Structures are given as structure tokens and as C-alpha cells.
Amino acid sequence: MIVSSAFAGKTYAVLGLARSGLATVETLVASGARVVAWDSREEARGQVEGKAELGDPMEIDLSGFDGIVVSPGVPLNRHPIAMRAKIAGVPVIGDIELFALARPTLPPHKVVGITGTNGKSTTTALIHHIIEQAGYPTVMGGNIGLPILSQPPLEPNLHGVGIYVLELSSYQIDLTHSLDCDVAVLLNITPDHLDRYDGFEGYVASKARLFAMQSAEYDAVFAADDASTREIAEKEWRRRGDKPKWHIVHAADIDPATQLTWPALQGPHNAQNAAVAIAVAKALGIDEPTIANALASYASLPHRMQAVGTRNGVLYVNDSKATNAASTAPALAAWPAKDGKPRIHWILGGVAKSDNLDECVPHFANVAHAYTIGEAGHMFADLLRPAMAVDDSEMLSAAVRRAARIAQPGDVVLLSPACASFDQFRDFEARGDAFAAAVAALE
């Protein structure tokens with residue numbers, strides 16, 4: 001747990017007591033802050049009773065508070081806490097901002113911050129893996145792994161610094177005001193989470209703030225394969241004048257033959273992820289042989305192009321983290337048709353984020369059969385039937401069984417839903433676990 005004198009004698013309200021909220025309470029209390037915590041669930045409040053005061057920030061007097069710490073899941077464009085905090089003159093922040101405020105009191109370290117619409121988790125884990133292989137003390141945090149405040153401060157070894165690697169969603173960036181990353185990364189931007197922003201432009205502006213917070217002399221890495229990322233890169237180039245340490249990369253920078261030697265990094269989307277990770281590692285001073293060995297030894301994260309088993313010559317792949325069409329498209333591209341025969345049996349559906357699958361259309365020729373599930377199942381089945389055979393399966397377990405009956409040796413049964421999971425599952429992890437269990441149950 002991070003304990004910092006930066007919070008001593010200050011007063012914070014913590015709204016929401018899930019994992020990051022609990023870690024926030026623990027850190028602030030241990031650091032000598034006064035904490036008033038609240039959650040609508042009584043059992044959640046019970047976890048902090050006796051450690052912090054209990055009080056709803058929507059009801060208590062906020063005068064003199066130094067901040068209201070909320071979960072990234074709180075929609076600031078709709079939740080009344082935003083206006084109440086504004087009237088009281090109290091900043092609404094997240095746990096990443098608390099980490100940023102604590103940094104001057106921590107042992108020598110660097111921070112790598114990674115954002116983008118798709119590929120954040122894989123790229124974060126890959127960068128962490130390379131840094132680990134290079135012998136630096138390092139942890140992952142932010143939108144991946146354990147809350148950053150719950151992890152012990154990094155103690156430098158012979159390298160002289162520890163390195164924090166943070167996956168940062170736009171929601172987390174919205175709640176952060178002073179995170180000055182030593183290396184800041186933007187992977188890509190495609191329409192997502194538009195219910196939280198004033199159109200696509202508002203979403204792009206949220207991503208750009210990661211670089212606006214960064215000192216001009218620090219490293220910035222842009223995977224400039226889309227127009228919005230290029231626009232932010234050009235704006236930052238102008239802002240930084242003659243100082244920038246600039247790294248512009250593209251998926252095409254990766255040699256396809258070399259990529260074949262990285263088992264967990266197949267597909268064009270992983271070429272982009274790898275190009276970014278290589279640029280970050282070089283910016284940190286890591287040598288090329290270490291980088292090459294780490295790319296070859298990297299193992300994929302659960303629910304992200306994760307091979308969960310082979311049955312009768314058919315590979316089953318869990319890509320449950322693909323919650324929009326743009327993140328599913330690379331998975332469909334990863335297994336092209338062989339000898340003119342499409343090989344993918346595609347399971348998709350859930351809570352749709354749009355009424356189309358436009359980003360996936362270029363790869364429809366790779367799909368032998370689709371199996372639609374969940375709330376969006378009927379809509380997607382109607383959309384796909386002109387292009388491929390479709391089974392409107394409704395339930396994930398049924399889709400796995402039907403795909404297993406149809407798939408031939410050499411084929412791939414791919415769960416890449418292009419949808420959120422909340423119609424049938426708690427989250428994308430639960431959906432991926434259900435897929436793996438259904439595969440394990442096949443005879």
C-alpha cells in the first residue's frame with residue numbers, strides 16, 4: 001500500500017467502495033487524512049466502518065474538503081455529484097490523481113501511461129513484461145491488475161528507479177489533473193463511450209489530456225495509424241516546440257516474419273501493440289536483445305485473444321475483452337481464409353455499442369459461420385445473414401456447442417463479442433470464464 005505524507009491533515013470524501021475505493025480509503029487513512037466514505041450498498045459501507053467516517057457526499061457539508069474521490073464508473077456528465085462539487089469548489093478526482101499527488105514522496109521512479117480505445121491492456125502487460133525482463137522493479141496498475149494505491153511503493157535496485165506501468169481509460173484521465181508521465185502512449189482512437197462525452201470530439205479531447213499533463217521534455221509515443229491519433233500528435237508537436245522526444249510508430253513497422261516468432265502477439269492489432277511497446281522500451285533505455293527476447297516470451301492476458309483449448313483439431317479462442325466492433329476486427333483478421341476456405345466460427349453479441357459492425361466488414365470473408373448471442377443477437381443475425389451462415393443461438397453455451405458440431409479440424413471458434421457483457425454477465429471476465437467452461441465441457 002502506498003502511504004504518503006502528501007495527504008496528512010487533509011480531508012477527502014470517497015464515493016464508491018469497490019476495489020479502487022477501498023484501496024483509496026486504506027491509503028488515505030494510513031497517510032493521516034480524514035476520510036468520509038460512502039457507498040449505496042450497506043455491505044460495502046460495512047467494510048470501512050471503524051476506519052473512516054460514513055457520510056453521503058450528496059448530503060454532507062463539503063466545505064473544507066480537499067477532494068471527492070470517485071470511481072471511474074461514475075458518469076460525471078450525468079451524476080449530480082459533479083455539480084455539487086463544483087458549487088462547493090471541491091475537485092472531483094480518482095485514485096490515479098492521488099497517486100500523482102503522492103509521487104514526490106515516493107522512492108525514485110518513472111511512470112509509463114498508456115491510453116487508447118483498443119489494445120491498452122495487452123500493450124500495458126507487454127510493456128510491463130519487457131521492463132520486468134530488463135530487471136527493473138515494476139508493477140502494473142490503473143485499469144489493469146490491482147489498484148495502484150494498494151500496491152507497495154517500488155524500491156529501486158541497481159537500475160536506480162522503479163517503473164510504474166499504468167493502463168488509463170478515458171474515465172480515469174477525466175479524474176486526473178497532475179499525472180506527468182515520463183512516457184505517455186496513445187494507441188488509437190475509435191468511437192466508444194460516447195454516452196459519457198459531448199460527441200466523438202469530447203472523447204478525443206479526453207485522451208489528449210494525458211499529453212497536456214505531460215512535461216514537454218518527456219517521451220511521447222503515438223501509434224499514428226488513425227486520423228485522431230495523428231491530430232493529437234501534431235498538436236503536441238506544436239505545443240512542445242523544439243523539445244519533444246517524439247516517437248511515431250505504425251503497425252507496418254513490424255516485420256511479419258519476425259512477428260510470427262511471437263506466439264502471443266499474432267494479428268495486425270498486435271503488430272501495433274508491439275511497435276508501441278518497442279518504442280517505449282527504447283525510450284526507457286532497454287537494449288534490443290532484451291526487447292526481442294521479451295516479445296518472444298510474452299504470454300497473452302486472459303480474455304484477450306487467449307487460446308483456451310483445442311478439441312478435435314479446432315482451436316478455441318477467448319477474446320471476450322473485445323467489447324466493440326473496432327476491437328473485434330483485428331481478431332477476425334488474425335485467421336485469414338486458408339486455400340479459399342474461411343476458418344473462423346465467430347460468437348458475438350451482448351449489449352451493442354452501435355447498430356453496425358462496419359469495422360469488421362473487411363474481414364467477413366474469414367468467417368465460416370457466425371453464432372449470435374444476447375441482447376444484440378437478433379439484430380446482428382439479421383445484419384450478418386447476407387454475408388455468411390448465421391445461427392441465432394441466444395446463449396453462449398449453446399453457441400459453443402453448435403460451433404463445436406460444425407467446425408472442422410484447422411478451424412477456430414472465436415468468442416469476440418463486439419459488445420458489452422452486461423445483459424447476461426457481470427463483466428467481460430465472467431463472459432470469458434463462461435466460454436472457457438463451455439469449451440471444457442465439450443466431449
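Me: How do you know how many cavities of 30 Å³ or more there are?

Reply: The model is a predicted one, in which local features need pLDDT of at least 70 and side-chain atom pairs count only at pLDDT 80 or more, while totals for chains, interfaces and linings use all residues. Residues are numbered from 1 along each chain as its sequence is written, and side-chain values use heavy atoms, with hydrogens and water left out. A cavity is a set of points, on a 1 Å grid over the protein atoms alone, where a 1.4 Å probe fits but cannot get out; by this rule the count is 1 cavity of 30 Å³ or more. The largest cavity holds about 50 Å³ of space, where grid points are joined across faces, edges and corners and the volume is the space filled by probe spheres set on the points.

Me: What makes a residue part of the lining of the largest cavity, and which residues are they?

Reply: A lining residue has an atom within 4 Å of a point, and for the largest cavity these are V14, L15, G16, S20, G21, T24, V69, V70, S71 and D95. Strand 1, helix 1 and strand 4 each supply at least two of the lining residues, with helix 1 giving the most, 3 residues; helices (H or I, at least four residues) and strands (E, at least two) are DSSP runs numbered from the N terminus.

Me: How is this lining divided by class?

Reply: It has 4 nonpolar, 5 polar and 1 charged residues, where Ala, Val, Leu, Ile, Met, Phe, Trp, Tyr, Cys and Pro count as nonpolar, Asp, Glu, Lys and Arg as charged, and the others, Gly among them, as polar.

Me: Why are strand 4 and strand 5 called paired?

Reply: Two strands pair if DSSP finds at least two bridges between them, and 2 bridges join strand 4 (residues 67-70) to strand 5, so these parallel strands meet the rule.

Me: What is the order of the open sheet of 6 strands?

Reply: Its order is 7-8-6-9-10-11, with parallel pairing. The edge strands are strand 7 (138-142) and strand 11 (245-249), each pairing on one side only. Within this sheet, strand 9 (residues 183-186) and strand 10 (residues 219-223) pair over 4 bridges, and V185 has V221 as its bridge partner in strand 10.

Me: How do strand 12 and strand 13 run, parallel or antiparallel?

Reply: Strand 12 (residues 306-311) and strand 13 (residues 314-318) run antiparallel and are joined by 5 bridges. They form a hairpin with 2 residues between them, and N312 in the turn has a positive phi of about 50°.

Methods
On a 1 Å grid over the protein atoms alone, a cavity is a set of points where a 1.4 Å probe fits but cannot get out, and a pocket is an open set with protein on both sides within 12 Å along at least five of seven lines; lining residues have an atom within 4 Å of a point.
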